[in-house]
Amino acid sequence: MPLPALTVEQILPESTVSALREKGHLENMSYMSDTVELIYKPDTPLTKIVADLWPAEKEKPVYYSEQIYLLNKKTLGSGNPEKNNIEYASKVLRSVSKMQGIQYYSNTDKKVTTLYKECYCIKGPKNREKIADDTEGSADGKILYCLQNDHSFGKTEYRLEYHQSAEEVNVNFINISPLYVGIFKGVDTDDIKISFVMTDCGEEFVVYMLVKSKFPAVKMLENSMNDSFSSRLNAIYKWFIEQFN
């Protein structure tokens, strides 16, 4: 069997690897900080794209949240080697319709409820005609669009940008319509980037998730956004892992 092109020790600092092997999961959040350091970002080509995913001419994000997971392939899902690879992960990340109905813990409602009442691919920006998931071939370079009827934010449209190599797969969700909290515009168009990268490190996978967002400094929005983004990352990760069963 050929040696993996990347290893966990090559892409992460020793202290992070040690903590991940002990805990399996680490997270870091920053809000309204003058300087932001992505302390858990792996050193790989696709995570560099994720880190740079914010136009230089735009006002900087006020909120960052990163999460990183270390997964052993033998204990991931059924341990099936036909599934535990980048090609299968790529298909999962494009199976947008399968996210419909996923559950999450709502900090506002203090209970587990449905995150996306509807979730499916659409023809394009401002065209909500439902189309089938595009899961054929490589995801690299694909741009898809989806609609999510979100428990907190209602119907929101996203552009999904994909990258894929032999060792990694990445999807970036970028909102192409505003997110509302009640009557308030919580996040304007193009002001939230939700990124997911899976890296194959031989017997293990590293999963890195990052949210960047800009929204008004209103106390109600601060609390709502922090709870919402954190809960969504957890729900998306849980959904993704369940697809390997």
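K110 counts as exposed, at 58% relative accessibility. Exposed here means over 50% relative accessible area, buried means under 20%, and partly exposed lies in between (1.4 Å probe, protein chains only). This is a predicted model: local features need pLDDT of at least 70, side-chain atom pairs count only at pLDDT 80 or more, and totals for chains, interfaces and linings use all residues. Residues are numbered from 1 along each chain as its sequence is written, and side-chain values use heavy atoms, with hydrogens and water left out.

K110 is not a glycine, but has a positive phi of about 60°. It sits in the loop between β3 (103-106) and β4 (111-114). Helices (H or I, at least four residues) and strands (E, at least two) are DSSP runs, numbered from the N terminus. K126 also has a positive phi, of about 65°, without being a glycine. Its place is the loop between β5 (116-124) and β6 (127-131). K126 is exposed, with a relative accessible area of 63%.

Now go to helix α2 (residues 14-23). Which of its residues are buried? They are T16, V17, A19 and L20. These four cover an arc of only 165° around the axis, so they lie on the same side of α2. The arc is that of the directions from the helix axis to the C-beta atoms. On the other side of α2, E14, S15 and E22 are exposed. The cover over the buried residues includes α1 (8-11), β1 (25-31) and β2 (63-72). Just after α2 comes G24, with a positive phi of about 85°.

Next, the interior. A nonpolar core is a set of buried Ala, Val, Leu, Ile, Met, Phe, Trp, Tyr and Cys residues joined through side-chain atoms within 4.5 Å. The largest such core has 49 residues, and L160, M198 and F240 touch the most other members. Helix α5 (residues 219-242) contributes the most to this core, with 9 residues. Another core, of 18 residues, lies apart from it; V50, L70, V197 and L210 are among them.

Leaving aside neighbours within four places in sequence, T47 is in contact (heavy atoms within 4.5 Å) with K41, P42, E168, V197 and Y208. T47 belongs to helix α3 (residues 45-51). It is buried, at 0% relative accessibility.

What of the aromatic rings? Rings of Phe, Tyr and Trp (its six-membered ring) pair if their centres lie within 6.5 Å; planes under 30 degrees apart count as stacked, over 60 as edge-to-face and the rest as tilted. A search of the whole structure finds 9 aromatic pairs. Y31 and F215 form a stacked one, 5.9 Å centre to centre with 10° between the planes. This pair links distant parts of the chain, 184 residues apart: Y31 is in strand β1, and F215 is in the loop between β13 (204-213) and α5. Y31 is partly exposed at 25%, whereas F215 is buried at 6%. Y88 and F244 pair edge-to-face, at 5.2 Å centre to centre and 70° between the planes. They are 156 residues apart, with Y88 in helix α4 (residues 86-93) and F244 in the segment after α5. F244 is buried, with a relative accessible area of 0%. Ring pairs also link Y31, Y63, F215 and F229 into a cluster.

Finally, two lysines meet rings. A charge sits over a ring if NZ of Lys or CZ of Arg is within 6 Å of the ring centre and within 35 degrees of the ring normal. K130 lies over the face of Y120, 5.2 Å from the ring centre. The charged end of K193 sits over the ring of W54, at 5.2 Å from its centre.
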